[in-house]
Amino acid sequence: MIVNVKLNGRSITSDMEAYYTENKRLLMPVSLLNNTLDITIDINDGVLLAHLTQQEETYSTTLLMDTPQQSTSWLWVKDDFDHYIDLALLNEILGTKSKFNYSLMQVSFSTTLVDVTQSNMRTQLNGSHQTTVQFDHSLNDQYQTFTYPVTEYDITTQYNARQNKLKSAVRLNSYFDLMDHQAQWRLNQNNNQTHNFFKLSKHVDLLSNDTSLTSPNYELGDIQARQDPLVMVATQGRGFTLSNANPQSSDSFSSITIEEPTLPGWIGELYRNGQYISASEAKNENVVRFDNVETFYGNNVYEIKLFGPQGEQITRVQKVTVGKNALAAGQINYQFDILDAQHNLFKSKQSNTQPFKTMLASGLSYGLTDTLTIDTHLTLLNSEKLVPYFRSGVNGITTQGSYKLAIAKQVDAGQAMFAGYRGVISQWTDHDISLNLETSIIDDFTSGVFLDQAHPLKSRFSLAMNSKLANTDNISWDLRWLHEHRKHTASRNITSVGFNSSYLGGTWSNQFQYDDSQDSLLNRIYWSQDIARWRWTNAIDWLPLESGALKNIRSTLRWPQTHNSFNQTQLSYNPNAKAKMLLGHQYTYRHPYFNMSLSGQYDSQDDWRLSFGLSGTFSFDYVDQALTFNAPRALNSGQLEVHSFIDWNNNQVFDLHDEPLNNTALTGNYRWKGRQTNQAGKVLLPSSSGGQILEIDVRSLPNPYLHSTHGKIKTISHRGGVSTVNLPVTVFNEVEGTVYVADADLSKPAAGVSVFLLQNGKKQLETITQYDGYYYFPNVPAGTYTVHIESNLLNIAQFTAQNIPEKIITPKSGDTLILRDITLTANNTHVENSKNTSPPNPLSSHYFVQLGVFKKFRSALVVAKELNAHITKLQFYRNRTHNNYYLVSGPYKTQPDAQMMINTVYKLPSLFGSFMIDARRYQSKEWQKLGAFEKNKHEETFFCLYAHTALKQHAQASLTKVDNAFLVKSKSRQYLALSGPHLSSNANECDALALSKNQHRTKLSWAELATLLY
């Protein structure tokens, strides 16, 4: 099943695939827990190790098999791609008591051991959270000439008793590609009026080779014009916009507009970095919209929690980075907008509250330095006459914030000035305080921002602050103050103070706003709580200074959900409405292909309404030539046309002699279960937002010697788009055998011998024998080969090889060829008297104790840090083939010495299962020695230190442009921002990245790093 996971009230993933057992236990995937929580979980040799970033301790437990299950046992399971662990075990690690809410498909954790902000920031760092690639091949987003629309629909019929009239409505949200553009069409039609919305958009990746001009994006149709602090406000209309700026950026400096297409009736809750902001409901425009949403310096992660009228619950995430994405020196940004604010694309009139009819705007921004950007703009507003505006500004970045200065001139009139600062105060408080300061001065100036009024605005000053309460982690506060000075009237002050908290199973918000011009105090209270399997949401607006007068009350109760039904009850009270009280209930029947709802409303005017609705999603599967119907799912991604075939000529393209593969299954998305390729080797599959990783399920291949050429593929498909994914499969062969060296009547395994497969005398494949003489060639193409031997590390100047086959033939159908043992005999002398043609193996007959295998180097380093007090001779190796990291102790000259170390490490529960291994294993070419924590010893690799600070966020910020980066705590509890390990052959690695002037790099050896850690 697909589960939503919340941490400290904030959703960190809404599409985690988990297992739910018959005895109601939830098993969660380890890899996704590693990527979403600030926790590292490794499973090796039947032992689970869990390490929390904010703690020094490492939790361990043994994974048991074939053991009678007890009622209190933790459960685990493994499939082809991941391990899944019991929610109860995760509660033990985090010290929580979270339960799985089956009704909401949701798990909520509330803990101080994991920092949700840093956890999400960690996933944004460029490579800082992983040292291995999560996929083998990637495909960019693709635009098609035309794709069949994927359409969400909602058809309702309502009977009104007082009017004795039936009303019907049809709402559609449709997404498709048209003329190599992403197209979006929204329709809302009822008995009285029709609302249409149509837009074409595209991101063009044509100028990526030019470092001064980044890739442009544009929109055509019903668009929203960009806003700025002095001239333009966000305005809807028909038009065209072109820009190469970040689509998530805004010229308005401290506010943006956030919207998410949904059908009417959906309710959205907006959160910024886990803090509740406001709620909004989709109306006739078929979109949930939040206007003038404040942004603060740093990372602003906005979550839109969408609640559908038929019980749907979906979380969308938008990330806006403020103050850290300035233009690089020499980089140019441009924008062009043209807008008709009175009409939409289909020429129907729309309400327009703006003082202009049409708008034309253009602008350029140029990066003077990495921290200073200048811009200039020309805007033409047309109302009764055409009015030009010229605007210029400066944008800068400091170590603690960003600032903007702008001035605008209205031709034949006055001017306006703007100054703003966004920053962070972190010196005197337990929690960082985000700060926004803005001021505007207006002199005989009117625009879309400053309207022509009887008392025109002369100046405006605003202050906004946001943080958490001291000694708490889940209660946030915000303060806002707005001061306006107008001509011929008294100044106006609006002050608001709010508190909110997201906690286990709920959210509450309490905000007071005082307007001195009206001597009015408004209190807005919002509360949402999961109670057992019910969800109760309440919103109250009232006036404390006016005898507690109520403005509005709304209460919604979402009943426990089942697979095929949903109930919701609503009660609202508005003293200013004709019918002050309204009670409603809705029942929804869920079918895999559609939802059917029946709802009723009764108000205090003795009027009642009865509604019937049908909703869902439909599209056309052109691969299987069939219409497809599904339940509503609030689309936010496209589809994948997957083509699987045997690539006989190995060109990765399906051509004349290649063979389609039918009945091939794919892994990567729960909605693909039961879907397989057809006789043409094709299948059309839904994708996931943010990118989809897919892979052929090898169990579905008809031949065990078939191999996917690309392995795991990551692809992106925009909403309504179709990305074509070719999955060529090749036939492979395996060749293996063993090499021995003979001396008189004795023979022993020949380690370190190079074995080659030749075609027409040319070396095609190479491997090296292991310590036991074994060699192995995977993925050998069909053909005829000869075997060639080179002694390499053997102390044999000349030798004779026996039992080498004259030729080997690997078949087209695939096979495993086990060759006869090859024996090497020295010519004219015994082995011990032969010349030493290569350096002797220093690890001959030595032993290592293998302590652990890790996917991430950081994990190995953290474990080594914990073990250093107990174990000596710690060394790190990397397997080049699997890209895993191995932590070993040794070498030891004798087996008893190695066994003594094993007896020592077995006293540590986390290392139970460590074992002895021949040290010669690590001498082949597939192994790379990274280093060892030994004093005054020359190492093959080193580290780059970018920050050494007590503030974790400062250490994180220093790694935003660094590959292979990670954080680790020193013995003095400082955060070390590191990258590496780097090869000594690249001694300038630490200086390769151009950083800011205030950022320093230090090259660290293993011994120096060990001194800091231990």
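Which strands each supply at least two residues of the nonpolar patch?

**View 1. A nonpolar patch on the surface of the predicted model.** In this model, which is predicted, the strands in question are β40 (581–591), β41 (594–603) and β42 (608–621), each of which supplies at least two residues of the nonpolar patch. The patch lies on the surface and is formed by Y587, Y589, M596, L598, Y602, W608, L610 and F612, which together have about 740 Å² of accessible area. One of these residues, Y602, has its place in strand β41, and with a relative accessible area of 41% Y602 is partly exposed.

**View 2. The chain as a whole.** The chain contains 7 helices and 70 strands, and of its 1014 residues, 48% count as buried. When contacts between residues at least 6 apart in sequence are considered, 56% of them join residues at least 24 apart.

**View 3. The largest nonpolar core and a second, separate one.** The largest nonpolar core has 36 residues, and those with the most contacts inside it are L851, F857, L867, F876 and L887. Helix α4 (residues 857–867) contributes the largest share of this core, namely 7 residues. If neighbours within four places in sequence are left aside, L851 is in contact with L867, I871, L874, L887, V888, S889, V905, L911 and S914. Apart from this core there is a second, separate core of 24 residues, which includes M28, L90, I93 and F109.

View 4. Strands of a sheet pair through backbone hydrogen bonds, either parallel or antiparallel. Here 4 strands form an open sheet in the order β3-β4-β9-β8, and the pairing is antiparallel. The edge strands, each of which pairs on one side only, are β3 (19–20) and β8 (76–78). Between β8 and strand β9 (residues 83–86) the antiparallel pairing extends over 3 bridges, and H83 in β9 is the bridge partner of K78.

View 5. A search of the whole structure finds 23 salt bridges. Side chains of opposite charge can pair when their charged atoms come close. In the pair formed by K199 and E219, the closest N and O atoms are 3.6 Å apart; K199 belongs to strand β16 (residues 194–203) and E219 to strand β17 (residues 217–224), so that this pair, 20 residues apart, links distant parts of the chain. Is K199 buried or exposed? At 14% relative accessibility K199 counts as buried, because that value falls under the 20% limit, whereas E219, with a relative accessible area of 26%, is partly exposed. A further salt bridge joins R524 and D541, with the closest N and O atoms 3.9 Å apart. This pair also links distant parts of the chain, with R524 in strand β36 (residues 520–531) and D541 in strand β37 (residues 534–543), 17 residues apart. R524 counts as partly exposed, at 45% relative accessibility.

View 6. D697 and R699 form a salt bridge in which the closest N and O atoms are 3.1 Å apart. D697 counts as buried at 11% relative accessibility, while R699 is exposed, with a relative accessible area of 62%. Elsewhere, E269, D530 and R535 are linked in a network of salt bridges.

**View 7. Strand β69 and the strands that pair with it.** How many of the 9 residues of strand β69 (residues 975–983) are buried? The number is 8, so strand β69 is largely enclosed by the rest of the structure. Strand β67 (residues 941–949) is joined to β69 by 7 bridges, and the two run antiparallel; within this pairing, H948 stands opposite L976 in β69. Strand β68 (residues 965–969) also pairs with β69 in the antiparallel sense, over 5 bridges, and there Y975 in β69 is the bridge partner of K969. The hairpin of β68 and β69 has 5 residues between the strands, and in it R973 takes a positive phi near 65 degrees.

Key. Residues numbered from 1 in each chain as written. Predicted model: local features only at pLDDT ≥ 70, side-chain atom pairs only at ≥ 80, totals over all residues. Heavy atoms only, no water. Buried < 20%, exposed > 50% of the residue type's maximum accessible area, 1.4 Å probe, protein only. Contact = heavy atoms within 4.5 Å. Core = buried A, V, L, I, M, F, W, Y, C linked by side-chain atoms within 4.5 Å. Patch = residues over 30% accessible without salt bridge, like charges linked within 9 Å, V, L, I, M, F, W, Y side chains within 5 Å. Areas by Shrake-Rupley, 256 points an atom, 1.4 Å probe, with all protein chains shown as cover. Salt bridge = Lys/Arg side-chain N within 4 Å of Asp/Glu carboxyl O. Pairing = 2+ DSSP bridges.
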